[in-house]
Amino acid sequence: IIYGTDFSYRGGDETSAARVMNARHELDWTFFASEEPMEYEGRTTLGLGLPEPILQKIFRENALKWLPGLNA
């Protein structure tokens with residue numbers, strides 16, 4: 001599993017686009033890392049509460065392993 005989004009930048013204000021992308025990443029991280037109730041995709045749900053080693057694999061280590069040329 002490698003974390004990714006379907007976000008695409010189509011021109012316009014780069015600062016706003018970066019804020020939107022960062023906010024999405026933070027929401028996704030909270031969903032995967034927290035066990036707390038939260039709003040996600042318009043629904044109230046509980047976060048998955050995955051352990052730190054699994055989070056590191058999903059959000060970093062698997063990409064470094066499987067995407068040639070990606071730098072740490």
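**Close-up views of a predicted chain**

View 1. Tyr 40 has Arg 43 in E2 as its bridge partner. In this predicted model, local features require pLDDT of at least 70 and side-chain atom pairs count only at pLDDT 80 or more, while totals for chains, interfaces and linings use all residues. Residues are numbered from 1 along each chain as its sequence is written, and side-chain values use heavy atoms, with hydrogens and water left out. E1 (residues 37-40) and E2 (residues 43-46) run antiparallel and are joined by 4 bridges; strands pair if DSSP finds at least two bridges between them.

**View 2. The hairpin turn.** Between E1 and E2 of the hairpin lie 2 residues, and Glu 41 adopts a positive phi near 55°.

**View 3. The two faces of E1.** Met 38 and Tyr 40 form the covered face of E1, whereas Pro 37 and Glu 39 form the uncovered one.

**View 4. The chain as a whole.** The elements follow the order α-β-β-α from the N terminus, with helices (H or I, at least four residues) and strands (E, at least two) taken as DSSP runs and numbered from the N terminus. The radius of gyration of the chain is 14 Å, well over the 11 Å that the globule rule gives for 72 residues, so the chain is more spread out than a compact globule. This radius is taken over C-alpha atoms, and the rule is 2.2 Å times the number of residues to the power 0.38. Along the principal axes, the C-alpha atoms fill a box of roughly 35 × 30 × 15 Å.

Definitions and conventions
Buried means under 20% relative accessible area, exposed over 50%, partly exposed in between (1.4 Å probe, protein chains only).
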